[in-house]
Amino acid sequence: MKNKKSARLLYTVCVLLCAFIICTLSALRPAPVKNAHVNFDKILGADISFLPSLEDAGRKFYDNGVQKDMIQILKDRGFNYIRLRIFNNPKADSGYSKKGYCDLDNTLKMALRIKAAGMGFLLDFHYSDNWADPGKQHKPMAWKTANYQQLQDSLRAFTKNTLLTLKKQGTLPDMVQVGNEINHGMLWPDGGTKHLDTLAAFFKAGIEGVRSVDKSIKVMLHIACGGENAESRYFLDNMIKRGVKFDIIGESYYPRWHGTPDSLRNNLTDLTARYKQDVIVAEYTQLKQQVNDIAFSLPGNKIKGTFIWEPINTGEPTFDRDGKTNAFMDVYPGISQKYNILK
C-alpha cells in the first residue's frame, strides 16, 4: 500500500512539474509581432468589403458542404491577400451606408480577421463618403468647402489618422491605395485631370500620410485602364513628371470597358517594361483563368498579382446565393498551384 501511495505521489509531482515547465516555456515564447508586414512574391487577392454587411444579414459560407469563415475559405482555395475599401463618413447624407459599413470601425474589425489568417492586407482609400470611380470622384461632405491647401491637409490627416488607428491595434495594411480608379482624377472639381498639378499635389499629400506612419507600406496608384495603354501612359507620365513617388501601378480590367485579353496583355507588357514600379491587376471579375494566366506569365516578375473584385456576390461571384462555393471558385486552387503562390 505504501509503495502505491508513493507511486501516486510521484506521478502527481511529475504531472505538476510538466505543467509548470509548459507554462513557463509558453510565457517565455515571444508574442506575435504586431504590424509585421507580409511580403508575398506573388499575390492572389480578393476584395471582400461586402462581407460584414452580408454576415450581419445572416449569410453563411460553405466549402465542400462545410460551413467556414469566408476568409478561411479563400485562404484554403489559394488566396493570400485581402483588399478592403474605406470611406470617409459612409453615414453622411448620400453616403455609402447608414449602418457605417466600410468605415474605420468596420475596417478595424476586418483587419484583425485578415491578420489572424496570416494574409496580406490592402487598404483602398476612396476619399469620399460613397463610391469613387472614373465616373464620380466626389469630395466627402466634411471637405465640401475646403480650399486647395485645406484639401491637401485633410487628405494627409485622414490617411495618417486612419493608419495610426490601425497601427495601434497592430494591424497596419501591407499596401495602400491612395485613391480608387483615379485616372480621371479625384476630389472633383479641384483634382480633375484638367488640373494635373493640383491632382499630383493631392496624391503627394495622401502618400505623405502613409509614409509618415510607416515607410515600408507599399503605395499603389490605381487606375481603370486595363487594356488602354495610351491612357495608362498619359496618366502615369504626368504624375511621375510632377514628382509623385509610388511603388505599384494598379489596373482595373473589365472587358466591357477595357478591351480584350490581348489588349490587357499588351498594356501590362508595356507598363512593366516602361516603368520601374511593379504592376497589379487591382480589380477584375470575368475571365478569371485568362486574367491570372496573363498576369503571372509575363516575363520579368514585375506583375505582382491580381485582386478579384467582390467574389462573394457581385459580377461573376465564386459563391452561390446560398453561400456555397461554385465552379468559378474551383479555378483558384489550380491557379495557386500552377504559379506557386504561397499562402
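Start at the largest pocket, whose lining has seven nonpolar, six polar and 10 charged residues. Here Ala, Val, Leu, Ile, Met, Phe, Trp, Tyr, Cys and Pro count as nonpolar, Asp, Glu, Lys and Arg as charged, and the others, Gly among them, as polar. Before you go on, note that this is a predicted model, in which local features need pLDDT of at least 70, side-chain atom pairs count only at pLDDT 80 or more, and totals for chains, interfaces and linings use all residues. Residues are numbered from 1 along each chain as its sequence is written, and side-chain values use heavy atoms, with hydrogens and water left out.

**The largest pocket**

Select D133, E181, Y254, W257 and E283: of the 23 lining residues, these lie nearest the centre of the largest pocket. A pocket is an open set of points on a 1 Å grid over the protein atoms alone, where a 1.4 Å probe fits, with protein on both sides within 12 Å along at least five of seven lines; lining residues have an atom within 4 Å of a point. The space inside comes to about 380 Å³, a volume filled by probe spheres set on the points.

Keep Y254 and W257 selected. How are their planes arranged? Their ring centres are 6.2 Å apart and the planes meet at 85°, so the pair is edge-to-face. Rings of Phe, Tyr and Trp (its six-membered ring) pair if their centres lie within 6.5 Å; planes under 30 degrees apart count as stacked, over 60 as edge-to-face and the rest as tilted. Y254 is buried at 12% relative accessibility, while W257 is exposed at 54%. Buried means under 20% relative accessible area, exposed over 50%, and partly exposed in between (1.4 Å probe, protein chains only).

The whole structure holds 18 aromatic pairs. Y148 is partly exposed at 42%, whereas F202 is buried at 0%.

Now select F50, F87, Y96, W131 and W309, which form one aromatic cluster.

**Last stop**

Finish at the second largest pocket, with a volume of about 280 Å³. Among its 16 lining residues, V38, N39, F40, M175 and K218 are the closest to its centre.
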